[in-house]
Amino acid sequence: MYNIYNELNRVTDYIEEHILDKITISELAHLIGLNNNALKNVFTCLTGTTINEYIRLRRLSLSVTDILNGESITDVSYKYLYSSPSSYNRAFKKFEGVTPKDLKNSKELKLFNKIIFRESIKNYNINYKIYKNKEFNLYFVAKKVDYNNRSKEIIDFWKDIKLKYPEFTNNKRYGFLDKRRRYFILLFIR
C-alpha cells in the first residue's frame, strides 16, 4: 500500500544524501512516482515550506557546523552551491541574524533539522472552511505501462483515449504514474 509519509521520508533522505549536489524537483518526484506539482503541493501542505526552501534551510543549517569547525567561508559557500561568497553571506545573515564571520561570537544559533514524516498527528488544529462546489463527475482510466518505456506508452495511451472518448479531451484532467504497480492513471473532471 502506498504510504505518502514513507515516500516523503525517502525524499528527505535523498535530500540529505545529495545535499551537496544540485537537486531538482523532477528527480525527487520521480523517486516516489509523483508528478512535480503533486509532490510540491503535498510537501508544502504538510510542512508549511516549499521543497526548495527546505533544501536551502538544510544547507544553511549544515554550513553552520562547517564554519564552526574552521572551514573557510569561501569554501563553505561553494560547497553548498552558492554562486559566490557574498550571496552565501546574505543568505546566512538572513537565516542566522549574523554573518558567517561573526558566528563564533553568537550566543544563539538557529538550526533547521531534517524533517521526518509520521502518520500519527496529535493535537493538530486545522482551521478549515467548507465550500459548496458545483456538482461534478470524476472519471478515471488506467493502463499498465512498462516503466522503462513509460514516456512513449503514456503518449500513445493519451492518443487512444482522445480517439475513444473525445468528450473528455476538453475537460480538466490529471495524470499520475503509480510507480510500484506500473499503472498510469488519468483522471477527468466533468
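Biologist: Where is the place of Ser 84?

Modeller: Ser 84 sits in the loop between H5 and H6, where helices are DSSP runs of H or I with at least four residues, numbered from the N terminus. This is a predicted model, in which local features need pLDDT of at least 70 and side-chain atom pairs count only at pLDDT 80 or more, while totals for chains, interfaces and linings use all residues. Residues are numbered from 1 along each chain as its sequence is written, and side-chain values use heavy atoms, leaving out hydrogens and water.

Biologist: What makes the link between the side chains of Ser 84 and Ser 86 a polar contact?

Modeller: A polar contact is a pair of N or O atoms within 3.5 Å; within protein, one must be able to donate a hydrogen and the other to accept it, and residues adjacent in sequence count only if both atoms are side-chain atoms. The side chains of Ser 84 and Ser 86 are joined at 3.1 Å, so the pair is called a polar contact. Leaving aside residues up to four places away in sequence, Ser 84 also touches Ser 77 and Tyr 78 (contact means heavy atoms within 4.5 Å).

Biologist: Why is Tyr 82 called buried?

Modeller: Buried means under 20% relative accessible area, exposed over 50%, and partly exposed in between, with a 1.4 Å probe and protein chains only. Tyr 82 has 15%, and therefore counts as buried. Tyr 88, at 0%, is buried too.

Biologist: Why is the pair of Tyr 82 and Tyr 88 called edge-to-face?

Modeller: Rings of Phe, Tyr and Trp (its six-membered ring) pair if their centres lie within 6.5 Å; planes under 30 degrees apart count as stacked, over 60 as edge-to-face and the rest as tilted. The centres of Tyr 82 and Tyr 88 are 5.3 Å apart and the planes 70 degrees, so the pair is edge-to-face. The whole structure has five aromatic pairs.

Biologist: How do you know that H4 is close to its expected span?

Modeller: The expected span is 1.5 Å times one less than the number of residues. H4 has 18 residues and reaches 26 Å from its first C-alpha to its last, close to the 26 Å expected. After H4 comes Gly 70, with a positive phi near 100 degrees.

Biologist: Which residues have the most contacts inside the largest nonpolar core?

Modeller: They are Ile 15, Leu 28, Leu 39, Ile 51 and Ile 55, in a core of 19 residues. Such a core is a set of buried Ala, Val, Leu, Ile, Met, Phe, Trp, Tyr and Cys residues joined through side-chain atoms within 4.5 Å.

How values were computed: Helix = DSSP H or I, 4+ residues; strand = E, 2+ residues; numbered from the N terminus.
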